[in-house]
Amino acid sequence: MLCVKDLSLQEIEAFVKDLGFEPFRAKQIFYGIYANRVENFESITTLPRELKNILSEKFYISSINSAKYEKATDCTIKFLFSLRNGSAVESVFIPWDFGLKERRTLCVSSQVGCALGCAFCATGKLGLERNLSAGEIIDQIFECEKITGERLTNIVFMGMGEPLQNFQNLVKALEILTNDFVKLFSRRNITVSTAGIVPKIYDLAKIEKPVKLAVSLHSVFDDVRQKLMPVARKWSLKEVREAVVEYYRITRIPITYEYILFEGLNDGEEDARRLAKFAKAVPSKVNLIPFHRIDFMPLDDFARSLKPASKEQILKFKSLLNSLGVRAFIRSSSGYEINGACGQLAFANLENKNEWLKSFVKLQGNSFQKIE
Ligand code: SF4
């Protein structure tokens with residue numbers, strides 16, 4: 001049986017046409033699932049009996065359950081969702097109020113675990129279990145809206161996993177979320193964040209409705225970046241910058257750079273000057289992120305040596321960037337008190353931590369080879 005949420009509207013149209021039904025039936029199915037949020041085909045009352053029966057035989061309408069959720073004092077909610085095969089992923093709901101403007105953002109996961117093994121990231125230490133389907137990505141959004149009773153306004157792909165390493169399912173989910181018929185989200189309110197999978201940045205620029213792109217830099221020196229992010233051994237900063245320039249040339253959407261500040265490693269004056277030069281290649285902004293330690297996990301010497309930059313140093317770094325003409329912001333550490341570091345809640349819920357610890361030893365040896 002297939003999940004109907006893994007099909008775009010065009011694919012549902014092709015399916016119903018093959019069965020000899022009129023193409024508008026596909027829109028009725030799509031509307032039932034995404035506007036009315038039905039949980040079975042019987043509830044789409046506009047469909048003929050015969051089509052309902054065929055759909056129920058061939059497809060299911062997926063849903064996920066929240067195994068656990070925790071609310072922080074700043075109203076951020078961290079969800080742990082359990083999937084059909086028993087795996088778990090995290091999503092974080094972040095409500096923002098800017099005076100009259102309110103935002104309801106969900107940070108969604110794109111993979112169970114992650115193969116990229118960034119030194120500062122709890123998810124990276126879990127390794128990659130599997131890609132999420134388009135339906136599983138969308139279900140995080142639906143379930144969050146159901147539990148909170150809030151209509152989400154923004155989606156950011158910054159949860160567990162590297163979205164560009166699950167490219168096909170990511171693009172399918174984006175197609176559904178930005179579909180003109182149901183209009184769940186404006187493409188301008190969706191951000192895909194990447195650690196710098198260069199060829200896929202070029203591919204993402206060419207999708208029908210491109211979205212905002214965020215790139216995790218964390219250092220503007222190749223040697224330091226390679227220590228923090230093994231993926232940087234495959235693609236240099238020069239290659240990342242060329243891809244980003246092309247992304248902007250094609251989409252005209254300004255770029256966001258993510259930059260975690262580590263004491264004594266990437267928080268100096270020279271770092272800020274080089275970052276400013278890098279960021280000014282195209283219209284952009286820089287999000288400065290305080291580091292949340294992941295000492296609750298087994299770490300190698302380098303990861304254990306990482307320390308958060310002080311508040312004063314972060315402010316100084318930001319001021320220097322601003323004085324160099326860069327739009328830089330300090331991103332709030334929403335939900336930090338509820339295991340705010342990526343992958344933390346999933347690790348806390350791993351049933352068999354010993355098995356995971358064994359695989360951790362393997363992962364340390366070959367995490368780079370896991371990159372596609
Ligand atoms: S920071 Fe992102 S890309 Fe790096 S290991 Fe964590 S989830 Fe993967």
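**Note on the predicted model**

1. The secondary structure of the chain amounts to 14 helices and 14 strands, in what should be read throughout as a predicted model. Of the 372 residues of the chain, 53% count as buried, and the chain exposes about 16900 Å², of which carbon and sulfur atoms supply 49%. Among contacts between residues at least 6 apart in sequence, 68% join residues at least 24 apart.

2. The largest nonpolar core holds 114 residues, and the members that touch the most other members are Phe120, Leu204, Tyr257, Val286 and Leu321. Helix α6, residues 167-177, gives the most to this core, with seven residues. The core also draws at least three residues from each of domain 1 (2-60) and domain 2 (65-370), a point to keep in view when the two domains are inspected on screen.

3. With neighbours within four places in sequence set aside, Tyr257 is in contact with Val215, Leu217, Val244, Phe278, Ala279, Val282, Ser284, Lys285, Val286 and Asn287.

4. Thr256 lies in strand β12, which spans residues 255-261. Thr256 counts as buried because its relative accessible area, 11%, falls under the 20% cut-off.

5. Val244 is placed in helix α9, and at 1% relative accessibility Val244 counts as buried. Between Val244 and Pro254, which are 10 residues apart in sequence, the C-alpha to C-alpha separation is 9.6 Å.

6. Ser193 belongs to strand β10 and is buried, with a relative accessible area of 10%. Not counting residues up to four places away in sequence, Ser193 touches Phe157, Met158, Glu162, Pro163, Ala214 and Ser216.

7. Most residues other than glycine have a negative phi. In Lys183, however, phi is near 55°, a positive value in a residue other than glycine; Lys183 is found in the loop between α6 and β10 (190-194), and at 59% relative accessibility this lysine counts as exposed, because the value is over 50%. Arg252 likewise has a positive phi, near 60°, and is placed in the loop between α9 (237-251) and β12.

8. The residues around the ligand are Cys114, Leu116, Gly117, Cys118, Phe120, Cys121, Gly124, Gly161 and Ala195. By class, this shell divides into six nonpolar residues, three polar and no charged.

Technical notes
Residues numbered from 1 in each chain as written. Predicted model: local features only at pLDDT ≥ 70, side-chain atom pairs only at ≥ 80, totals over all residues. Heavy atoms only, no water. Core = buried A, V, L, I, M, F, W, Y, C linked by side-chain atoms within 4.5 Å. Buried < 20%, exposed > 50% of the residue type's maximum accessible area, 1.4 Å probe, protein only. Helix = DSSP H or I, 4+ residues; strand = E, 2+ residues; numbered from the N terminus. Domains from an automatic or database assignment. Contact = heavy atoms within 4.5 Å. Near = heavy atom within 4 Å. Nonpolar A, V, L, I, M, F, W, Y, C, P; charged D, E, K, R; others polar. Areas by Shrake-Rupley, 256 points an atom, 1.4 Å probe, with all protein chains shown as cover.
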